[in-house]
Amino acid sequence: MTFQDKVAIVTGSTRGIGKGIAAAFAKQGATVIVTGRSEESAQKTVSEIQQNGGTADYFVGDVTNGEIAQEITAKVLDKYNRIDILINNAGITKDNLLLRMSEDDFDDVIRINLKGVFNFTKVVAKVMLKAKQGSIINISSVIGITGNVGQANYAASKAGVIGFTKSVAKELASRGITVNAIAPGYIQTDMTAEMTDKAQSEILDKIPMNRLGAVDDIAKACLFLASEEANYITGQTLVIDGGMTI
Ligand code: NDP
């Protein structure tokens, strides 16, 4: 699987799953565009990729701002002349039980996890439509399928990503662009490191494979969905959770 001469934007790739996805595409020859709000972390991620022989660049900005998505996309196009792959990965949690959940915490999660996907997809799809090719992968979550106590905002945002993926897949299919979602289970990152040991052990009990997922488990699926081998797959949600939701 090679992505030589391809350009991939990965939102929220300054750490965690996004960083792993960016590194995996760079390893397979893609020019990777790292994004996130922290310039320091973006720079660090790019340096690490370059030290491993990959090609990467970064553009910092908040996914909730449509104008910023437009600016970043324009800069990438100006410098690299193409965008072949978009991975919408930036996401946050602000958990609380419904009756304790503030309106701000609901809005923040929807704005970053769902509207952020809309912002980048809208501007990058325009570039892909002109090129009559491209692959968009949206990182949802199993919580968007099953729901979860204390995560009404997060579940709504991630279920929204699945519906968004299916609609946009239908709109773009005839132009050679695939749009798919990945629904990870519990993956070892900063987000899951915040869980207590008790919560982690309760989760492990529910995973038939008896381990949390690794960032690489998600990155490998992104490589496949963005590859030529997957060019007849669109509008799908690939669950990667060690069997947790079987
Ligand atoms: P992390 O918290 O480790 O990383 C989140 C990334 O998103 C960072 O690079 C962060 O960069 C970026 N980000 C957050 N807010 C914004 C914003 N407003 N604008 C731009 N970038 C932003 O999260 P994970 O790696 O764990 O999660 C990545 C994705 O995978 C998320 O969508 C998450 O919901 C999903 N997921 C994760 C699971 C897990 O178990 N970890 C399970 C299922 C789904 P910066 O701080 O620099 O802005």
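**Loops, helices and their packing**

Mentor: Start with Asn-81, which lies in the loop between helix H3 (66-80) and S4; helices (H or I, at least four residues) and strands (E, at least two) are DSSP runs, numbered from the N terminus. This is a predicted model, in which local features need pLDDT of at least 70, side-chain atom pairs count only at pLDDT 80 or more, and totals for chains, interfaces and linings use all residues. Residues are numbered from 1 along each chain as its sequence is written, and side-chain values use heavy atoms, with hydrogens and water left out.

Trainee: Is Asn-81 buried or exposed?

Mentor: Buried means under 20% relative accessible area, exposed over 50%, and partly exposed in between (1.4 Å probe, protein chains only). The relative accessibility of Asn-81 is 64%, so Asn-81 counts as exposed.

Trainee: What is the phi of Asn-81 near?

Mentor: Most residues other than glycine have a negative phi. Asn-81 has a positive value, and its phi is near 70°.

Trainee: On which residue is the kink in H4 centred?

Mentor: The bend at a residue is the angle between axes fitted to the seven residues ending there and the seven starting there. In H4 the kink is about 40°, and it is centred on Lys-115.

Trainee: How are H4 and H6 oriented to each other?

Mentor: Axes are lines fitted to C-alpha atoms, for helices over the stretch in contact, and angles run from 0 to 180 degrees between N-to-C directions. The axes of H4 and H6 are 9 Å apart, and the helices pack at an angle of about 15°. Angles under 35 degrees count as roughly parallel, over 145 as roughly antiparallel, 65 to 115 as roughly perpendicular and the rest as oblique. H4 and H6 are therefore roughly parallel.

Trainee: What is the handedness of the crossing of H4 and H6?

Mentor: A crossing is left-handed if the near helix is turned anticlockwise from the far one by less than a right angle, and right-handed if clockwise. The crossing of H4 and H6 is right-handed.

Trainee: What covers the buried residues of H6?

Mentor: The buried residues of H6 include Tyr-154, Val-161, Phe-164 and Leu-172. Contact means heavy atoms within 4.5 Å. On the H4 side, Phe-106, Val-109 and Leu-129 are among the residues that meet H6. The cover includes H4, strand S5 (134-139), helix H5 (143-146), strand S6 (177-184), helix H7 (190-193) and strand S7 (237-240).

Trainee: How far apart are the end C-alpha atoms of H6?

Mentor: Helix H6 (residues 152-172) has 21 residues, which at 1.5 Å a residue should span 30 Å. The value found agrees: 30 Å.

Trainee: How many of the twelve residues of H9 are buried?

Mentor: The buried residues of H9 include Val-215, Ile-218, Cys-222 and Leu-225. Their cover includes helix H1 (16-27), strand S4 (85-88), S5, S6 and S7. H9 is largely enclosed by the rest of the structure, because the number of its twelve residues that are buried is nine.

Trainee: How are H1 and H9 oriented to each other?

Mentor: Ile-17, Ile-21 and Phe-25 are among the residues of H1 that meet H9. The axes of H1 and H9 come within 8 Å and cross at roughly 50°, and the crossing is right-handed. H1 and H9 are therefore oblique.

Trainee: With which residues is Phe-224 in contact, leaving aside neighbours within four places in sequence?

Mentor: Phe-224 is found in helix H9 (residues 215-226) and is partly exposed, with a relative accessible area of 33%. Phe-224 and Met-1 are 223 residues apart in sequence and 8.1 Å apart in space, C-alpha to C-alpha. The contacts of Phe-224 are Met-1, Glu-229, Ala-230 and Ile-233.

Trainee: Is Thr-14 buried or exposed?

Mentor: Thr-14 is in the loop between strand S1 (7-10) and H1. Among the residues that Thr-14 touches are Lys-19, Val-34 and Thr-45. At 11% relative accessibility, Thr-14 counts as buried.

Conventions:
The expected span of a helix is 1.5 Å times one less than its number of residues.
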